[in-house]
Amino acid sequence: MILGSARVEDLAAERPRLAGFGAGPVRLPGAEVLQAMFEMPVSAREAVVPPGLHPTNPALCVILAWRCPESPWGPFALAQVRAQARSGLRPRGFVTGAVCDNRDAADALAADFGFPARAGEVLLRRAYDAAWLEVARGGQTILALEGLDPEPLLPADVHYSVTLNLADTPRGVRLVQVEPEYEITRAERLRPRLLSFHPEAWGDRHLDPYHPVSASVVSATLTLPPVRFVCRPDVLAFEGTEKV
Amino acid sequence: MKFGIFFEMSVPRPFTDGIEKRVFDHALAQARLADQLGFDWVWAVEHHFLEEYSHCSAPELVLTAVAMQTERIRVGHGAVVCVPEMNHPIRVAERAATLDILSNGRLELGTARSSTWTELGGFGANPDDTKKAWDEYVRALPQLFAHGHTRWQGRAFRMPERNVLPKPIQQPHPPLWVTVTSPGTELDAADRGIGCLGVAAASYGEQERRTREYHRRIQSCNPVSSAVNDQVTTLNFLYCHEDAKEAARTGMRMVGMFGLANSHLLWTREAFPTRAYQSLANLAPTGTGGGNPADPFGVPDGICVGDPKRITEAIRRWEAIGVDGINFILNGMETIPQAEVLASLRLFAREVLPHFEKDAPARAASGVRGGGPA
């Protein structure tokens, strides 16, 4: 079995601090969600995820963006970069970096759910012929992609893996398992094209989304339920999963 | 009831020198023994790029070796991936007919479309198109096997009039199967009059529902050929030991490791949203090593891990729900020493097989209606 080899100390250097496990559910109606997937080279496969997770073969980089017009913190957009992985038997998305355009939302998503959200600009646009995502921090574009040629899908056709955020929690450094629910009303598949990507800005220099696989854009109501599980990042899930 | 052994050729890390050869050598030895012991089938999968889980990318070569080293056991493609980027249909027919000749009419021809992004993406195949291509292949293959010249004008391939050679020994052709992973594929099999080759461990209830519907539906099928194959098989694990506790300890370690490796595959649906792939994985909970509080050793219902009595009871139940055959993974992820695998096979043959010997006369022949040796 292949295992992640990223050093937890390095990954945890600038991680958010989770205040507790009582937050949620948070309902986010009327959201637009863009997900784009790219293969990464084998050199990134083990390097990006911690030893408690198994990377996929091939390594898969997932770019996931939410544009939420309504939330307890006001409108916000959040962009995440994730490495697809397995925690034990389960598909999971390990978040390496995130950017949010609303300071209050970023703080809450970090403190309540462990998202490593930093302040920045996140622009997600959807049209009938394409969708675009552009993320910037400090005036520099750190991610830009477009999805072309929309094809209708059924809501059930789109899969989102459960999120794992590495955070300092009351139990120590843990992978915080966030299980967003998506009530999808409209879904389309897109052909992704990555225009710009700065790996260091997304938490890991090994990230290299070189080969486009697929993209989708959906309209949905998102719900962030309370955190139920955390996992130790340094041991496998069978031993390291903890119910909260 | 028929019994087969099923090769994934899983090769656990570390990939040391000679480990792949050892796995293949072990498999061939298992096939030789299974032939001597009275098993009915040896199946070999076709997978590509699936590190550890399956290094069996050229099953036709594996099965040729098996055929050369055995006398009566049937050799099964479990299965040929019917996607043009991987296997051109003319080559599928040519290789199958050749293997049927070399094995003296012992070939079973399974068809499939691949279920992982690792494989489809590696060959540049569009997941949207694989089911369409598979359907065209199963219509085309009987025609390509037929005597004389033929032509084909389809979506997956086109061929002006040619005589595809050689021709198989079994007439009109080797029995056709389709691997069943996604729910509903058993209905596709029934509608086309081809066998249902279960490759995903299913619970009793799920298998019973699928088997009943398959047998109901195939009665009114529109077959792709004059030879209807109306058999249903299921996939299982086998570890048989006189000591039930030891059987559970060793056998369930294999089941768990194989389930873990299976769950790590990058399923098409996970990477590529499409209506064509609805399943995210292909092992039911019984196949992923989940415990069973009703069993003293936690072995899930239906899994053929245990002492001969327990395994016999499990097979009786599979038989009662209408399954025609069970194919066994003997050593997923090479967790069991080869000597113990062979001992398990021998014990199964000695203590379990005789309970199902009433079917022996039927075993020699395939379950195909309207076909047989030329």
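Modeller: The crossing of H1(B) and H2(B) is right-handed (the near helix is turned clockwise from the far one by less than a right angle). This is a predicted model, in which local features need pLDDT of at least 70 and side-chain atom pairs pLDDT 80 or more, while totals for chains, interfaces and linings use all residues. Residues are numbered from 1 along each chain as its sequence is written, with chains lettered from A and ligands numbered from 1 in the order in which they are written.

H1 of chain B covers residues 19–37 and H2 of chain B covers residues 59–69; helices are DSSP runs of H or I of at least four residues, strands are E runs of at least two, and both are numbered from the N terminus. The two axes come within 10 Å and cross at roughly 40° (lines fitted to C-alpha atoms over the stretch in contact, with angles from 0 to 180 degrees between N-to-C directions). That angle makes H1(B) oblique to H2(B), since under 35 degrees is roughly parallel, over 145 roughly antiparallel, 65 to 115 roughly perpendicular and the rest oblique. H1(B) contributes B:Leu28, B:Ala31 and B:Arg32 to the contact, and H2(B) contributes B:Ala65, B:Val66 and B:Gln69 (contact: C-beta atoms, placed from the backbone, within 7 Å).

Of the contacts in chain B between residues at least 6 apart in sequence, 77% join residues at least 24 apart.

B:Phe328 lies in strand S13 of chain B, residues 325–329. Its C-alpha atom is 4.7 Å from that of B:Ile5, 323 residues away along the chain. Beyond its neighbours within four places in sequence, B:Phe328 is in contact with B:Gly4, B:Ile5, B:Phe6, B:Asn236, B:Phe237, B:Leu238 and B:Cys304. B:Phe328 counts as buried because 24 C-beta neighbours lie inside 10 Å (buried: 20 or more; exposed: 12 or fewer; partly exposed in between). In chain B, 56% of the 374 residues count as buried.

Chain B also touches chain A, through 20 residues of chain B and 19 of chain A. Helices H4 (117–123), H8 (244–263) and H9 (268–271) are the elements of chain B that give two or more residues to this side.

Chain A has four helices and 15 strands. Buried residues make up 54% of chain A. In helix H3 of chain A (residues 103–113), the buried residues are A:Ala105, A:Ala106, A:Ala108, A:Leu109, A:Ala110, A:Asp112 and A:Phe113. Their cover includes strands S4 (76–87), S5 (90–100), S6 (117–119), S10 (162–169), S11 (172–178) and S13 (211–224) of chain A. Just after H3(A), A:Gly114 has a positive phi of about 85°.

Conventions:
Two residues are in contact if their C-beta atoms, placed from the backbone, lie within 7 Å.
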